Amino acid sequence: MQLEVNITGKSFESAAGKRHDVLDNVTFTLNAGEVGVLFGPSGCGKSTLLKILAGLDGNYQGHVTRSPGMRLGMVFQEPRLLPWRTVEENVRLAAPEVDDGTLAALFEVLELSAHHNHFPGELSLGLARRVALARAFAIEPDFLILDEPLASLDNALAGRLRDQIATLVASRKMMTLLVTHDLDDAVRLGDRLFFLSPRPARILHVETIAAPRATRGEPEIGEIKRQLSQLDLANM
Amino acid sequence: MLRLLSFALFIATWWIASLVIGDAKLPAPPAVLSVLIAEARSGALFVNLGATLARVALAFTLAMAIGSAIGYLMGRVSLANRLGDPWLILLLNLPALVVIVLAYIWAGLTEVAAIAAIAINKLPTAVVTLREGARALDPALDEMATAFALPRGRAFRHVILPQLAPYIAAAARSGLSLVWKIVLVAEYLGRPNGVGFEIGVAFQLFDIPLLLAYSLSFAGVVLVIETVMVQPFETRLTRWRLRAA
């Protein structure tokens, strides 16, 4: 399984008829077992890029080559659950083939075991995010997209959820693409970091972290972050 | 309990009014009741109520099914909306009487003409309501369904239909009351049975107890159907909202 991204441009026309360029040149490949991180300022076009990669938007220049039969799991920025279905129904609807054992294990990791029969309207944002994560993992994806899964959660909760995501990502050999604007999350979860420019987005710098994710200790993480923060991204 | 009280108040008012106005114009409740019982004994009451109910059920189902489909299409596809909109405005503002008379002229005094005419009267309101519902569909959930490759049928049932449910309920509610009103006119003008026909006969003979007997039993049937069928259906649809609140 491999994802080849070769986008040369993406623009849209505003209601006033003005042309807006959202993406410039974005070229990279992602292999199975690898976690790519898209790192860039807010509003640089990350979500647009994700939509293209997820096959939700076909209106762009260039091409994206996906392996045939690739299963996509996606965690949107907002949880996007069906409010009229329970937590379990939401997950099973996307993943009808999931067996009870797998689902129970998944709910255990994400601390959702007590919430099977709750409706999304009864959940906090943190819990709803986890249901969205459970849904994406339940389909046993070949390609996982995580769009800012830790945004607007408090530090303790974000930290716990980050560890849970790390556990789940490590449990399966798939391509993962994470979008974040938090350097700490990027360094802890990613293998390759793609630094994006402000709009129209292009890749400024690619940082490959050699040490496997599980073996990175606090000092190494601190060192990588220190080096990265010295990058002069503004002049690339 | 409160309903019973309100019903008793209605009977009392009626009785007093009939004493004031006089039996010729407004017969007292017992006179109407005896006519009602006589009609029920002969079976005529049930034949006529049954005929009217069958027409209501057929026309309502037809108009809801076709109207919902057209409304959904017009809300989702802008070409369909542009093509259909002038017709919709025309139908919305066409008086019921015109539709019924034309239907009887073109299709004869037949059952098909009556049901079609009633359905055509109800159709545009269902279209308008469902078009609004289709326009209000959440594109974020559509994207979710596409990203997770939900098959069309499953996406429609679990993602689209629950979003349309309140609009379908609203269309059913307003449509049903419209059909109740129009069905009697259609029967009055061109059917040999049904509540509307009997009211027409009673009007020509100036038989006010008969007129009231049919009107009230019809109103009773409407009330029962509204409380037993429509209201529980609405409650069921919004179950997830009640729990969330």
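**Exercise 1. The A–B interface**

How many residue pairs are in polar contact between chain A and chain B, with both at pLDDT 80 or more? Work out what else joins the two chains in this predicted model.

*Solution.* 
- Step 1: start with the polar contacts. Between chain A and chain B the count is 6 residue pairs.
- Step 2: see where chain A's side comes from. β6 (72-75), α2 (87-94) and α4 (125-138) of chain A each bring at least two residues to the side that touches chain B. The largest share, 3 residues, belongs to β6(A).
- Step 3: sort that side by class. You get 14 nonpolar, 3 polar and 6 charged residues.
- Step 4: look at the extent. Here 23 residues of chain A are in contact with 18 residues of chain B, and the buried area between the chains is about 1900 Å², with carbon and sulfur atoms giving 67% of that area.
- Step 5: pick out the salt bridges. There are 2 between chain A and chain B. One of them pairs Arg80(A) with Glu143(B), at 2.8 Å from N to O.

**Exercise 2. A lysine and an aspartate in chain A**

Find the salt bridge between the side chains of Lys10(A) and Asp57(A), then say which parts of the chain the pair ties together.

*Solution.* 
- Step 1: check the distance. The side chains of Lys10(A) and Asp57(A) meet at 2.9 Å, N to O.
- Step 2: Lys10(A) sits in strand β1 (residues 2-13), while Asp57(A) is in the loop between α1 (46-53) and β5 (61-66), so the pair ties together parts of chain A that are 47 residues apart in sequence.
- Step 3: decide on burial, where the cut-off is under 20% relative accessible area. Asp57(A) has 16%, so this aspartate is buried. Lys10(A) is at 6%, so this lysine counts as buried too.

**Exercise 3. Around helix α6**

Where is Val187(A), and is this residue buried or exposed?

*Solution.* 
- Step 1: locate Val187(A). The residue is in helix α6 (residues 183-189) of chain A.
- Step 2: read off its accessibility. With a relative accessible area of 0%, Val187(A) is buried.
- Step 3: list its contacts beyond four places in sequence.
- Step 4: Lys225(A) forms a salt bridge with Asp184(A), the closest N and O atoms being 2.7 Å apart. That links helix α6 to helix α7 (residues 218-229) of chain A, across 41 residues. Asp184(A) is buried at 17%, whereas Lys225(A) is partly exposed at 27%.
- Step 5: now take Arg216(A). Its side chain meets Asp191(A) in a salt bridge of 3.4 Å, N to O. Arg216(A) is in the loop between β10 (203-208) and α7 and Asp191(A) in the loop between α6 and β9 (192-196), so the pair ties together parts of chain A that are 25 residues apart. Both Arg216(A) and Asp191(A) are buried.
- Step 6: widen the view. Asp184(A) and Lys225(A) belong to a salt-bridge network with Arg162(A), Asp185(A), Arg188(A) and Glu218(A). Over all chains, the salt bridges come to 27.

How values were computed:
Residues are numbered from 1 along each chain as its sequence is written. Chains are lettered from A and ligands numbered from 1 in the order in which they are written. This is a predicted model: local features need pLDDT of at least 70, side-chain atom pairs count only at pLDDT 80 or more; totals for chains, interfaces and linings use all residues. Side-chain values use heavy atoms; hydrogens and water are left out. Buried means under 20% relative accessible area, exposed over 50%, partly exposed in between (1.4 Å probe, protein chains only). Contact means heavy atoms within 4.5 Å. Buried area is the accessible area (1.4 Å probe) that two parts lose on being put together, summed over both. A salt bridge is a side-chain nitrogen of Lys or Arg within 4 Å of a carboxyl oxygen of Asp or Glu. A polar contact is a pair of N or O atoms within 3.5 Å; within protein, one must be able to donate a hydrogen and the other to accept it, and residues adjacent in sequence count only if both atoms are side-chain atoms. Ala, Val, Leu, Ile, Met, Phe, Trp, Tyr, Cys and Pro count as nonpolar, Asp, Glu, Lys and Arg as charged, and the others, Gly among them, as polar.
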